[in-house]
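Hi everyone, thanks for coming along. Please have a look at the sequence and the structure on the screen, and then I'll walk you through a few places in it.

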Amino acid sequence: MRPLVPILIAFAVGIAVSDRLGLAYSTACLLFLSSTIPLIILYLTKRPFIGFVVAVPFFFLGLIFIEPYHQPETNPSHLVNLMDAASGSFESNPVSAYGVDVMGQVETAPEKRVKGARLIVSADKILVNGSWIDTYGKVLLTIDDDGLSLLPGDTVRFLARLKRPANFGNPGEFDYAGQLSLQGILVTAVVKHPRLLIVLRRGERSVTRLVAAIRGRIAGFIDANADPGNAAFLKAFVIGGSPAPTATGKRLIDAFRTTGTAHVLSISGLHVGMLAVIFYTASLMAIKTSERMLLALNAPKAASILALPPVLVYVIIAGLPVPAQRAALMCVIFAAAFLISRGRDAFNALSLAALIVLAITPYALFDVSFQLSFAAIASMLFLYPRLVAAFDGAATAKNPAQDGFIRRIWQRYVLPTIITTLSATAGTAPIIAYHFNSLSITGIAANVVAVPISGLITAIVFVSSATSFLWPGLAAVALMLADKLFDLLAWLVVFFASFPYSAIRVSTPTLLEIALFYSLVISLSSVLKKRIWTIAAAILVIAMLVDISYWHYYRRDSGELRLTFLSVGQGDACLVEFPAGHVMMIDAGGFHSSADFDVGERIIAPALWRKKITVVDYMVASHAQLDHIGGFYFLAKNFSPREFWWNGIGDIHGLDAAMKTLDNALIKIVLGDNPPLSIDGVVVETFHAQALEHDLNESSLIVRLTHGERSFLFTGDIGAKGEAELIRLGLRFKSDVLKAPHHGSRSSSSPAFLDAVHPSIAVVSAGRDNRFKFPHVETLKRYEERGVRLYRTDLDGAVTITSDGKKISVETNKSGYQVSVNGYQ
């Protein structure tokens with residue numbers, strides 16, 4: 001019997017669907033109370049409980065537990081309601097240009113990032129019109145890392161730009177604002193300079209400060225005794241943090257990612273679990289050395305108790321990262337269940353651990369680390385015995401002593417490691433594909449060697465760090481061993497990453513496809529038991545083929561032209577899907593000032609993968625500025641483009657070199673004298689104001705698409721001069737849909753140009769609250785005077801325009817389906 005499994009599933013489903021159901025809190029409570037009536041009847045009539053009847057109340061409990069996080073209550077004194085008044089006018093108040101003056105207490109120690117650090121501050125006061133006003137609310141604060149030591153409990157004062165977190169509004173993007181809201185964070189802030197944050201008062205002595213001092217001492221010990229190139233990686237095994245982004249370090253990190261072994265570089269449930277196994281094994285071996293202890297103690301139970309303290313100490317020294325906390329909780333629950341002789345069914349223990357975690361923090365269900373941890377463990381518990389049986393009992397030979405030495409090693413160590421890794425990989429593959437769009441071909445082999453070695457490294461670094469407080473010399477010798485082991489680990493990972501196609505990019509699976517995959521794995525692993533599982537597997541394979549056929553029709557046989565103007569901040573990016581499946585990307589966004597945010601990787605690629613697009617045939621750059629070409633670098637490496645078009649003016653910042661490394665990829669200088677090109681029946685024309693080649697914006701490459709009776713014009717960043725030049729040349733560019741020139745600036749979209757194009761629909765690509773104030777009020781008025789239906793990526797998110805050659809329909813990611821003007825659908 002596994003009563004907790006259906007209860008966990010029902011509770012988790014309730015949490016997952018609560019936002020979509022949109023039930024009021026009172027309604028959910030009423031439904032929960034109603035659903036308990038059948039349980040009461042069964043109890044009073046002394047009849048056995050039915051799994052479904054028990055699960056239903058927990059479904060409604062999931063709705064109740066997550067509801068406060070979906071709709072955090074705020075009163076007028078909450079920071080989010082005062083920040084606008086505190087900001088004032090940047091033009092009239094020079095101080096406000098740096099941000100808002102806030103005081104508060106540090107809740108979390110700074111989390112080191114590639115650039116700067118992040119921490120959570122609980123606001124206490126805010127300066128409004130020269131007066132301090134009491135307030136409350138969490139702030140996610142980003143600050144340049146200058147070595148300032150901040151600990152929970154410190155009172156700080158800072159000057160920062162306050163913002164409400166918001167998503168870009170694209171299909172397939174990470175719900176950044178939603179995730180912060182679930183944690184009660186409704187405000188983010190950026191401190192432009194470390195001097196704009198001061199510590200008013202240090203917190204009182206506490207365990208937190210003691211742990212921080214210990215962590216600092218360990219960091220110093222590792223830096224002093226390990227190889228400089230390995231020190232950051234070794235610290236990541238014990239006290240967390242990211243290795244420094246040096247050229248060598250980045251290449252090594254990329255190799256870990258390629259082979260699917262990057263999880264060993266960050267403290268997670270894997271490290272906690274491996275340490276638990278190592279200390280349990282060591283304790284058990286120590287007990288077995290004494291006959292007296294064997295007679296006096298239950299050796300396995302005693303070893304379980306002895307393994308817990310070092311594991312808990314490790315989690316504390318690691319800085320209590322959330323994944324490690326969950327893993328430690330699971331270790332405690334498993335140990336407790338084993339001690340009271342209730343640990344035979346590990347699924348119940350796992351379900352109990354998950355229930356406790358979700359009851360405390362319901363939003364953990366949406367956390368990738370939670371999903372991966374529990375999926376890996378559940379998969380190993382389910383698949384391991386079945387795979388062992390499939391290998392004809394090779395891992396559980398009754399008398400391995402009769403076999404040769406090699407066979408015993410294979411049966412006792414190698415085969416169990418392979419089966420464990422294979423089980424975990426099968427359980428986590430759909431989640432990794434959903435969140436990261438990558439699957440490692442060499443991952444199983446790489447993890448077979450990487451996981452045990454990383455476990456040894458973690459244990460050695462942890463023990464040597466603890467020993468350094470008592471016997472520094474011995475600790476340094478032990479750390480040298482960990483150093484050499486990491487060299488071996490790095491060499492092996494680079495070796496596996498060097499194989500061609502060691503990792504592949506995959507499109508984002510739908511929830512239906514994930515369910516079909518898990519169902520097929522369950523069916524295939526059970527085909528030897530009953531015939532019904534064979535039939536189920538066959539049905540599931542047919543369902544997958546139907547799913548593949550649907551997406552083939554959607555991508556290649558619909559006969560429609562789809563344009564998706566992606567929201568990429570202050571930049572341009574439009575995805576063009578031609579009727580027979582070819583794909584063109586006209587501009588790809590980019591930021592001038594954010595080196596650690598790749599628009600191609602973080603915004604454009606997820607949108608493409610969500611649409612099942614893995615190849616971009618044509619990359620078209622209107623002009624060589626980063627807000628138009630920044631995302632192309634990632635696309636060039638991961639979407640196998642056939643051609644790259646641009647006007648040949650300016651510097652494309654090494655994009656040509658990236659293209660030259662691809663097979664059959666061509667770089668074309670496309671000017672106004674190029675003949676029209678037909679792609680899947682869509683005529684593609686290009687224009688170019690060659691007389692203005694001294695100006696990157698005004699000489700932007702213009703692209704016009706004609707599909708049947710409808711046409712679409714892409715204008716890059718041309719302004720009044722470029723528009724006038726195109727009109728002077730007498731070019732034919734009347735179009736139904738216009739990509740507004742230069743993000744809707746005042747100097748673009750001139751009356752003469754709009755009259756010449758005569759659009760019915762226009763799309764402005766601009767960043768939310770951008771510093772240029774685009775689109776400008778005067779420009780918006782010109783469109784309004786001509787009855788043009790205007791869409792904006794800063795307000796509407798991604799804008800998708802679909803044409804069958806006659807009708808045009810418009811859909812926005814934030815507002816949903818809309819009907820456009822002038823008779824268009």
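Let me start with a question: is Ala390 buried or exposed? Keep in mind that what you see is a predicted model. Ala390 has a relative accessible area of 52%, and the cut-off for exposed is over 50%, so Ala390 counts as exposed. You can find Ala390 in helix H15, which covers residues 368-390. Now look across to Gly805: along the chain, Ala390 and Gly805 are 415 residues apart, and their C-alpha atoms are separated by 56 Å.

Next, a pair of helices. Helix H1, residues 4-21, packs with helix H14, residues 346-360, at an angle of about 30 degrees, and their axes are 9 Å apart. Angles under 35 degrees count as roughly parallel, so H1 is roughly parallel to H14. Their crossing is left-handed. Which residues of H1 and H14 make the contact? On the H1 side they include Leu4, Ile7, Leu8 and Phe11, and on the H14 side Phe347, Leu352, Leu355 and Leu358 are among them. Sorted by class, this contact of H1 with H14 has 13 nonpolar residues, 2 polar ones and no charged residues.

Now to a strand. Thr800 is found in strand E24, residues 799-803. With a relative accessible area of 17%, Thr800 is buried, since the cut-off for that word is under 20%. What does the side chain of Thr800 make a polar contact with? The partner is the side chain of Thr564, at 3.4 Å. If we set aside the neighbours within four places in sequence, Thr800 is in contact with Leu563, Thr564, Ser809, Val810 and Glu811.

Let's finish with some backbone details. Asp587 is not a glycine, yet it has a positive phi of about 65 degrees. Asp587 lies in strand E13, residues 583-588, and at 2% relative accessibility it counts as buried. Ser749 is not a glycine either, and its phi is positive too, at about 55 degrees. Ser749 sits in the loop between strand E21 (737-739) and helix H26 (751-757), and it is buried, with a relative accessible area of 0%.

One last stop: what kind of peptide bond joins Phe774 and Pro775? That bond is cis, with omega at about -5 degrees. Pro775 has its place in the loop between strand E22 (761-764) and helix H27 (777-785).

Notes:
Residues are numbered from 1 along each chain as its sequence is written. This is a predicted model: local features need pLDDT of at least 70, side-chain atom pairs count only at pLDDT 80 or more; totals for chains, interfaces and linings use all residues. Side-chain values use heavy atoms; hydrogens and water are left out. Axes are lines fitted to C-alpha atoms, for helices over the stretch in contact, and angles run from 0 to 180 degrees between N-to-C directions. Helices (H or I, at least four residues) and strands (E, at least two) are DSSP runs, numbered from the N terminus. Angles under 35 degrees count as roughly parallel, over 145 as roughly antiparallel, 65 to 115 as roughly perpendicular and the rest as oblique. A crossing is left-handed if the near helix is turned anticlockwise from the far one by less than a right angle, and right-handed if clockwise. Contact means heavy atoms within 4.5 Å. Ala, Val, Leu, Ile, Met, Phe, Trp, Tyr, Cys and Pro count as nonpolar, Asp, Glu, Lys and Arg as charged, and the others, Gly among them, as polar. Buried means under 20% relative accessible area, exposed over 50%, partly exposed in between (1.4 Å probe, protein chains only). A polar contact is a pair of N or O atoms within 3.5 Å; within protein, one must be able to donate a hydrogen and the other to accept it, and residues adjacent in sequence count only if both atoms are side-chain atoms.
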